[in-house]
Each structure stands twice: as C-alpha cells, then as structure tokens.
Amino acid sequence: MTVAGALVASGGLALPSMAHAATATRTGTVSTFAVDDTYTSSTRRTVNFGRDDTLVVGKSGGQSRMSYVKFTTGALPAGAKVTAAELRLPLIGRPIVATLSVFPVSAGWTETKLTTANAPALPAASISITPASTATMLRIDVSKLIGKAGTYAFALKQATGSGVTRFHSVEYGDDHGGGPQLQVAYAVTTPATAPAAASTTLPTTRPPAKPTTAAPTTAVPTTAPPTTAVPTTAVPTTAVPTTAPTTTPPVVVPGTTAPSGVPSAPACVTDALLVPSCGVLWGAAAGGFTDTPRDQALLAWEGLTGRTATIFHAYHRGDEQFPTKAEIAMTQDPARPRVLLLNWRVDYGTTWAAVAAGQKDARIDTWAAYVKANYGTRKFFLALHHEPENDVIATAGSGMTAADYAAMYRHVVLRLRADGVTNVVNVLAYMGNEKWLAQPWWADLYPGDDVVDWIGLDSYVSVEKGYYHYGDFGDLLDRQPTGGGLGFYDWAARTHPGKPFMVAEWGMYHRAAFPTDKAPAFASVLPELVAHPAIKAICYFDTPSDNEGDRNIAVNSLPSSLAAIRLVAADPVFNVALGR
C-alpha cells in the first residue's frame, strides 16, 4: 500500500487559514535537524556508518543502501494541533530520477549502532516520490505521519532504478545546511475574546552534540574512498591490463640521456628521509576495491600513465607481516626503482589507548623482527592508521580520542626505534576534510616533530560541477575548515615549517552514472605543484569503483582523462632517483 505523497515546491509549509467567527487562530512552525542519521549496506550487513557526513540511498555494484533519519520535534505550544509536516533532505549533486520510498519506522535505534543486521522493520505503507533531476533539496510531505509533538524516524529506500542519491547528514555541519530537517506546522485555536497573536516560526533546533560510543569501523569517508578496507569483489568498469604494455614510454633516470620525445631534467635524488633534492616523487595505489593483486594493478597503471610509480602504496593491519614478497619484489626491479609507502593499522582489533599503554608491544616487536629479517635497511615510508580523524571518538575514556591517537603513534615509533628498525620514514597521513579540520580536538592528533618525518594528506575532488567537493588539485590542497581558517597546506607549512609534504592519496572522481572528463582537473596538477613548493610527493589512488560502489576514480574512465594524466606523468618534475 502506498500513501500519496508529493514534493513541496514552496519554500515552506502551507499553513491553512483556521479563523472562525467565534475563535481566533495562532499559527507557527518548528524546525528541527535530525538527532540521528545514518545509512546501511546490503553487502556490509554489520558495518555502522553513523559518523559519515553523507547519507546514501540506492543500488550500485551489487550493493543496496538505505538511509535512516530520526527527529525530536520538541514541545509545541499548549493546545497546538499539527497541520502539516515536511521532511527536507539536502542533496549532494544530482539525484537519481527514480522512485524513492519513505517509511515510518521505530525510533528505537541510534546512529552509532544501526546496521543492516539490526535495522527496524519496514511497514507496508510508504510515501513515494520521484525527484526532479535538477533538485537541490528534496521536500517530502509527511503530514500524514506526524500527528503531535514527539520523536519520529523514517527509512528511505530506492524502489526503482539503479544508481545512488546522496544527501548531507547532520555531521556535515550547520554551515552547510545542517543535514536532514523536519519542519512541522501547527495551529492553536483560542476563543475570539482573546487577542490573536501573530503567526510565529520557532527557531530551528540544532542537533545536540552526539556522543560517539561506537567502535571505529574501517568505513571510508564520504570525501574519498575508505582505504583500509579489505578489497571487495567490485568489478572495474574499465578494462585494465594486468601487465604493462610493451609500448610503455621509457622512464628517464636522472643523469642519463633522454630518448627522443622524452624531456630530460637535472639530477634529483632522495636523501636519508626520502626527501628529493628537487622535483616531486610520483606514486600510486592502484586496483583499490578490486580483486586484482596490488602489484599487478600498479604495473598496469604504470603502463597506462607512461611512468614508473616511484612510490608503491599498500595497506596492512593488525598482525599481518609485511612488506609481502610481492611488495619486496616491486622494490628490487633495477629498471624501475620504487619505494614502499605502507599503511599499518597497528591498533586493529583494539584501541589507540591500548596500544599506547603497551598492550600490543608483542605485535610491534614481531613485526620489527620480520622487517629486519626480510627488508634489511632499505628505506620505506610508514603511515600509522592513516586518516585518524574519521575514527576519533571524542569521549574521555573511549580510548580513541585525538590525544590517544598521538600517544599511540608516538609509542609505536619509539618502540620500533628501540627494536632497531632504522629504515622507517614516518608519515602522518591526515584526512583533511573541512569538517574534521574544524574540530576542537584536531590539533591534538599531532604526536610531535621528533616522530613525524613527513606530513601527509588524503584528499579527493569531484570533476562533476555542483557535486560534492567539486574542484581541481588546488581545492584538494587548500580545503579550509568549516567556518573558515587556514587551508590544510597553509596549516602544515606554517605550523610545521621544514617538514616535507606528501599527498598520500589523491584522486579525481565522478559518479559511475555520470562519466565526466577529468582532463581539466588533471591539467591543474603541475601549476599547483609550483604554487605549493612544500609538496615533495603525490600518490594517486586509482579505482573504478570506490568503497561505496559508485565513484569512479580511475585515470582512464574516459580517453580524454587518460590522455591528460599521461601529460602530467611525462613532466620532468617527477624525474627523481632514489638515493641508496
């Protein structure tokens, strides 16, 4: 059964006239932002996404996602009768033109606990709408579902079609619309002898600060693909060869003669901390969220782009022993010199505070012994729990505060040094989302200059105009905190002068359903590197389908995009030799 519903085109709720000869009527509205909002995934049934700043509804890549929102109206004036109610959802980019169903559901859930496995049951009745492709805000008439002041929850499900629609959640911040909103109109009827008061609109209720108690998940933010997740079975949308073509343009080693058509460059070489004397290190993590082995994916990516990725970026967690044989082999190719950038969630299965307290010292010591036995003294980059902002639980005693992260990072680095591991170059890889930059705890993540060798940034931009984080390479670097302030690059350069800066993950994306040329965004890379001289390395994260199964970050999503990235890769600024 379907309850008739509609998109409300006006800026607010229509308040019907309630005046009668013997009575006077006062009308008004109350607006409140969601107190809880999250989404669920059919393929990740036990994963919670309550801290994401995005809500997702729809079907893509064999995965279905539903979103859930909950509101508390607060008290209405005495004698008030609800006359209308409207659910407002701020869109990210263009919606999928498909039927969206809204179900009233039990409010007995919280955003930090809800998963597909424990989601409330859906009733038979729903409100169905089909958004316009040009909509920027969905306005859904839920008057039939709101009868009085109280707490109300709704589930949103795509009933037809494929593709996904995204909305801002409350976590995205008040400066960007505040997330889902419920607006309730009411009327209060009084005897005619009482003077009628003017209609009023009560101020919108901001969502209260929500304590986060859920254990951290490996889900990726909505600014970029979550990157520590175990690869899924997503199938690339663009065929990628598993071995480099024999026509790969030659890589110029500084100090040698460049073949015809390949620019030569002054000799640039890395020092003891892998900082190049000039130029910029070129790197990549390829094959993300696919079944292709990462070494094979990187070889294919090098063939596509026409240059060896001097940095090979890989991901590990917990008790895994790495670098793996395949990773080691990639750094022993004399024709294609490479260095590893290894991410390690050393705290996997526990908390930052527990690691800082020494509870995982056996894990650290075992790994240290493995590195010394299998990798000798060859230098490599190590990033401990990259993008920590997304996993902070800013509640005292949670074990996952920003200060806990800093203590964990410091403890691991010092423990490795005590174990005799001397070839690690430490990278602190921030997420760099404007929401996190504005948090009062953000600066507390930094563990100290003596244990951080490079400052890293993981950041992505959309090439779809009007879509989330639309921009170019400069926008990726200079994203400012919500509410204003120094952009990320300026913050790093001013607060930690002299530290080399690495873009440890970057990418240009579009939604799978909206292929868009990435060439203009790629064309901005080289000029922005000139404008940001502290950048000494950049590593592309290449995948045809992100962790949500929708965003295409592959450099070859269109022929024009591939041609543009090949021009970038051919620039002599990346002609950097690895020092020994």
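1. Rings of Phe, Tyr and Trp (for Trp, its six-membered ring) are taken as a pair if their centres lie within 6.5 Å; planes under 30 degrees apart count as stacked, over 60 as edge-to-face and the rest as tilted. By this rule the structure holds 30 aromatic pairs. The model is predicted: local features need pLDDT of at least 70, side-chain atom pairs count only at pLDDT 80 or more, and totals for chains, interfaces and linings use all residues. Residues are numbered from 1 along each chain as its sequence is written, and side-chain values use heavy atoms, with hydrogens and water left out.

2. The rings of tyrosine 405 and tyrosine 409 make a tilted pair, because their centres are 6.0 Å apart and their planes stand at 55 degrees. These tyrosines are four residues apart in helix H5, so about one helical turn separates them. Helices (H or I, at least four residues) and strands (E, at least two) are DSSP runs, numbered from the N terminus. An α-helix has 3.6 residues a turn, so residues three or four places apart point the same way.

3. Glycine 420 follows H5 and has a positive phi, near 90 degrees.

4. Several H5 residues are buried (under 20% relative accessible area, with exposed over 50% and partly exposed in between; 1.4 Å probe, protein chains only). Among them are Ala402, Asp404, Met408, Val412 and Leu416, and both tyrosine 405 and tyrosine 409 are buried as well. The cover over the buried residues of H5 includes helix H3 (352–356), helix H4 (361–375), strand S17 (380–384) and strand S18 (424–430), where contact means heavy atoms within 4.5 Å.

5. A nonpolar core is a set of buried Ala, Val, Leu, Ile, Met, Phe, Trp, Tyr and Cys residues joined through side-chain atoms within 4.5 Å. The largest has 91 residues, of which Phe473, Trp506, Met508 and Ile538 touch the most other members. H5 gives the most to this core, with seven residues. Apart from it lies another core of 31 residues, including Val69 and Ile127.

6. Trp282, Trp301, Phe473, Trp506, Phe522, Tyr540 and Phe574 form one aromatic cluster. Leaving out residues up to four places away in sequence, tryptophan 506 touches Phe473, Phe522 and Tyr540, among others.
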